Amino acid sequence: MCSPDHFAARLRELEADKQRLQAEVDRLTALLEPAEGGGPVATADRHGAQAAHCLPLSILDNMPAMIGYWDTELHNCFCNQAYSTWFGLEPAQITGRHIREVIGEERYQLNLPYIQAALRGEAQSFERAIPSPDGKVVRNALAEYVPDVVDGCVRGFFVQVSDISSVKQAQLNLRANEEKLRGLFELSPLGIALTDMNGRFLEFNEAFRKLCGYDADQLKGLDYWQLTPEKYAAEEARQLDALARSGRYGPYEKEYRRHDGSLVPVRLNGVQVVGADGERYIWSIVEDISESRRIEADRRVAASAFEAQVGIMVTDSEGRIVKVNRALLEASGYAMDELLGQTPRLFKSGRHDAAFYVAMWQSLRQAGVWQGELWDRRKDGEVYPKWVTITAVKGESGETTHFVSTQIDISERKAAEQEIENLAFYDPLTALPNRRLLRDRLQHALAVSVRGQRYGALLFIDLDNFKTLNDTLGHPAGDSLLQEVACRLASCVREGDTVARLGGDEFVVMLEGLAMHLDEAADQAKGVGDKILAALKEPYQLGEHKCHSTSSIGVALFGNQRDSMDEVLKQADMAMYKAKAAGRDALCFFDPAMEASLLKRALLETDLRRALEEKQFLLHYQAQISGADRLTGAEVLLRWQHPVHGMVSPADFIPLAEETRLIVPLGQWVLETACRQLAAWASRLEMAHLTIAVNVSAHQLRLPDFVARVLAVIEQTGANPLRLKLELTESLLVHNVEEVIGKMSELKAAGVGFSLDDFGTGYSSLTYLKRLPLDELKIDQSFVRDVLVDPNDAAIARTVVALARSLGLGVIAEGVETAAQRDFLAASGCHAYQGYFFSRPLPVEQFVTFAEKFAAELEESGS
C-alpha cells in the first residue's frame with residue numbers, strides 16, 4: 001500500500017495535469033469563439049463591393065477556420081483560402097456556384113436542415129467528422145451556420161467550419177486523467193475528502209465515509225469541525241496556519257468522532273488547491289491508524305512485560321543467550337555483557353544430575369515447553385531456587401528458532417514453606433519434633449518394624465512436680481529446665497531415634513530397630529529408659545538457682561501388624577501413669593491387663609460392621625461462610641446413631657473404620673448421599689448455588705477405580721460436579737504422589753473441586769503442593785483454636801494464607817468459634833470460615849431451615 005505522503009504527491013500531479021489540460025481546452029475553444037457582434041467573421045463581396053463590416057480579405061484568408069458566405073439562392077459569395085483548399089479549388093472556382101455543387105449531393109442533403117434553418121434566421125451549430133473530398137483526411141469539425149440579417153431580412157448566411165481535432169484530443173486526455181484521478185479517489189484504501197475553506201465536505205470517497213461511520217447524505221450535511229473533538233483545537237489552529245503559509249498541512253495525528261460517538265485515531269495530510277472557479281479548496285488524505293496504534297500498544301505491552309519483575313531470558317536455537325531483562329540481571333548478579341553469547345550452563349548449581357537435564361530437553365523437543373523447580377547459582381556463588389518455564393519458539397517452517405524462559409525466584413516461598421514446616425512440626429522452645437511430626441514418624445516406624453520384623457519402643461516421659469517448680473521459680477526458669485531436659489534426652493539416644501516434645505512437660509522418645517525378640521527388645525528399651533532417668537535426675541542450674549527434678553517413664557513396645565499409632569501412644573501414656581502411681585522417678589512397661597480397652601475396641605468394630613449393614617449412619621451439614629454474610633456451601637460430617645449407645649463420636653469410630661478399611665464402603669455411601677442431596681438442592685433457588693464438601697479417605701483414593709466410582713456416582717445421581725468438593729488430608733501425599741496427582745487431575749477435568757484439609761498438620765505435602773490441582777487450602781482447627789493466644793498458631797495461619805495467595809488458591813479456616821477468631825483471620829487475608837460461631841453441624845432438614853433463614857435475614861438487611 002502506498003504511504004499517505006506518496007498518495008498525496010500522486011494526487012497533486014494528476015490535479016496539475018488536469019488543470020494544464022483544461023487550460024489547453026480553454027485556449028483552443030477561444031480560437032473558435034465567434035467575433036464580437038454575432039457573426040463568425042466579416043464578409044466580403046468577391047465581385048467588388050465590400051460590406052461596411054467586412055474585414056480585410058487577407059485576414060480571412062489567413063484564418064485556420066473554413067469560412068464561406070452563401071446568399072439566399074445558395075450561391076457562394078465568398079470563401080477564404082482554408083475553405084477552398086479543403087475542396088482542392090481556388091476561391092474563384094467556388095464563387096457563384098451552388099452549395100450543392102461545391103459540397104456534393106450527399107453532404108448537401110445531410111446539411112440541408114441546417115441551411116434551411118439559417119435561411120429562416122436561426123443560427124445552427126453541430127460537431128461532425130468531415131472527410132476531405134478525396135477521403136484521405138477526416139477532421140473533427142465544428143460547423144456553424146449563422147444567418148446574415150439586415151433590417152429583419154435574411155440576406156444570406158455564413159458558414160464557419162473549425163477543425164476541433166486538437167480540442168477533442170485535449171478533452172479526451174483530460175477525461176482520461178479525470179478517470180485516473182477518480183479511480184485513485186474511489187479505490188484508495190485511504191480516506192480522501194475535498195472541503196471548502198469553511199470545512200464543508202464537498203466530495204469524499206467510500207473509505208472516508210466508512211471511517212467516519214456516516215452515510216453520504218449525513219456527511220455532506222456536516223463540516224470538518226463536527227468530526228474533530230474540542231481537545232484538538234490548538235493543534236488544528238497550528239495546522240491551518242501551516243496551510244496558509246505553505247499551501248499544505250500535516251502529517252499529524254488526532255481523532256475523529258464517528259457517528260456512533262466512538263473515537264478513531266487518524267493521521268492527516270492535506271494540500272490547498274485553486275478550482276476552475278478561482279476558489280480555494282482543501283484536499284485531505286485521512287489514514288485510519290487504529291491498527292498501527294494497536295500494534296504499537298502491543299509492542300509497548302510486550303516491552304513492559306519483558307521488563308517485569310519476572311526474570312526473562314531468550315536464547316537462540318543453539319542455547320546462546322541473546323537477550324535478558326533487568327529482573328534476571330538483578331537476580332543473577334551478572335551484567336548484560338557478561339551474559340550475552342554465553343549459555344545457561346553459566347548458572348549451573350551442581351544440584352541437578354545429567355538425567356534431570358535430559359528429561360528437560362526431552363520435554364522441550366516433544367511438547368515445546370518445560371517447567372519445574374530449578375536451583376541455579378548467582379554470580380556471587382549463592383545457590384537459590386527458582387520456578388522456570390521454558391518455551392520453544394517455532395519458525396514458519398516449524399523449526400525451533402529461539403527458547404524463551406521465565407524465571408521466578410522462589411527463595412521467599414521456600415523460606416515460607418520452611419517456616420510453616422518448622423512451626424507445624426517442631427516445638428519452638430526446644431526445637432524438638434512436636435506431636436504432629438512424632439505421629440508421622442511413628443506411623444512410618446510402625447510400618448518399618450512390621451516389614452523388618454524388629455520391635456520398636458515408645459517411651460512417654462513426664463517430669464515429676466514440674467508445675468510446682470514452674471510456679472516457684474517462674475516461667476523463664478521453667479523454660480530453661482525444659483530446654484535442658486531436651487538436650488539430656490538427645491544425648492541418651494542414638495542418632496536415628498526420635499526425641500519429641502508433646503507440650504508442657506511431656507516428652508516422647510521413639511526407638512527403632514530394636515531386637516527381633518520381645519524380651520530382648522524390652523531389655524534394650526529399659527536400658528535407654530534407665531539412662532534417661534539417671535540423666536534427668538542430675539541437678540539443673542537455672543540462673544542463680546540449683547534444683548533437682550525426676551521423671552516418670554512409660555514404655556510401650558510395637559512391632560505387631562495389629563499395632564496402631566493411637567494404640568501405641570495410649571499404651572505408653574497409660575504405662576507412664578502407672579509409673580507415677582508407683583511413686584514417680586520410675587519406669588513401667590505397658591501391662592497386658594490394660595488391654596480391657598482393646599476388648600472394647602473389638603466390640604466397637606463388630607458394631608461398626610453391623611451399623612454399615614443396617615444403615616445406622618446419617619450426615620450432618622456444617623455451613624461454610626464467605627465474608628460475613630454469604631453461605632457458600634457445607635461440609636458433610638458423618639454421624640453414627642447407635643441403637644444402644646446413642647450418638648457415637650466420630651473420634652471413636654472413624655479411626656477404627658480407617659484401620660479396618662470399612663471406611664471404603666462407608667465413604668462410598670457418604671459420597672452417594674451427598675451427591676443425591678446436591679441434585680435435590682439444584683431445583684431450589686435458595687440452595688442451588690451451594691457446594692458440598694466430602695472427606696475422602698486415603699483408602700478410597702488408592703482404589704484403582706476411584707475416579708470411575710466418583711464419576712459414576714455423579715452420573716447416577718445427576719449432581720453438578722462443579723458443586724462437589726472433595727477434601728483430602730495431607731497424609732495422602734506420603735505414598736504414590738504421582739498416582740494421587742493423576743487421579744485428582746482426571747476428576748478436576750470433569751469439574752470436581754479439591755480442598756486440602758487439615759493443612760499444616762501433615763508433612764510431605766509442601767514438596768508437592770504446587771503440583772496438586774487444588775482449589776483451596778483449609779487451615780486446621782488446631783491452629784485456629786489458639787490463634788489469639790499462641791503466636792506460633794497465629795504465625796502459621798498468616799503464613800498459610802500468604803502461601804495460598806502466592807499459589808493462586810482459596811483458603812478456608814475451620815473450627816472458628818468466636819467473632820475474635822473470625823476477625824483475626826479476616827485481617828490476615830482469610831475470608832472463608834466454618835465453625836460453631838456460624839453453625840453447628842446440622843441434620844439436613846435443620847440445615848435447609850438454617851439456609852432459608854440465613855437467606856431471608858440477608859435479604860431483609862438489604863445486603
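## A buried threonine

Thr 195 lies in strand 6 (residues 191-196); strands here are DSSP E runs of at least two residues, helices are H or I runs of at least four, and both are numbered from the N terminus. This is a predicted model, where local features need pLDDT of at least 70, side-chain atom pairs count only at pLDDT 80 or more, and totals for chains, interfaces and linings use all residues. Residues are numbered from 1 along each chain as its sequence is written, and side-chain values use heavy atoms, with hydrogens and water left out.

Is Thr 195 buried or exposed? With a relative accessible area of 6%, Thr 195 is buried (buried means under 20%, exposed over 50%, partly exposed in between, with a 1.4 Å probe and protein chains only). Leaving aside residues up to four places away in sequence, Thr 195 touches Arg 200, Phe 201, Leu 202, Tyr 281 and Ile 282, contact being heavy atoms within 4.5 Å.

Now for an open sheet: 5 strands in the order 17-18-16-21-22, with mixed pairing. Two strands pair if DSSP finds at least two bridges between them. Strand 17 (498-503) and strand 22 (587-589) sit at the edges, each pairing on one side only. From one strand to the next, the twist averages 20°.

Strand 21 (residues 551-558) and strand 22 run parallel and are joined by 3 bridges. Val 555 stands opposite Phe 589 in strand 22. Helix 19 (residues 518-537) lies across strand 16 (456-463), strand 18 (506-511), strand 21 and strand 22, and runs at about 160° to strand 21. Axes are lines fitted to C-alpha atoms, for helices over the stretch in contact, and angles run from 0 to 180 degrees between N-to-C directions.

## Helix 23 against helix 25

Helix 23 (residues 663-681) and helix 25 (residues 706-717) have axes that come within 9 Å and cross at roughly 35°. On the helix 23 side, the contact is made by Val 664, Gln 668, Leu 671, Glu 672, Cys 675, Arg 676 and Ala 679; helix 25 brings Arg 709, Val 710, Val 713 and Thr 717. By type, the residues of this contact divide into 6 nonpolar, 2 polar and 3 charged (Ala, Val, Leu, Ile, Met, Phe, Trp, Tyr, Cys and Pro count as nonpolar, Asp, Glu, Lys and Arg as charged, the others, Gly among them, as polar).

## Cysteines

How many disulfides does the structure hold? The count is 0, a disulfide being a pair of cysteine sulfur atoms within 2.5 Å. Cys 153 counts as partly exposed at 48% relative accessibility, whereas Cys 492 counts as buried at 7%.
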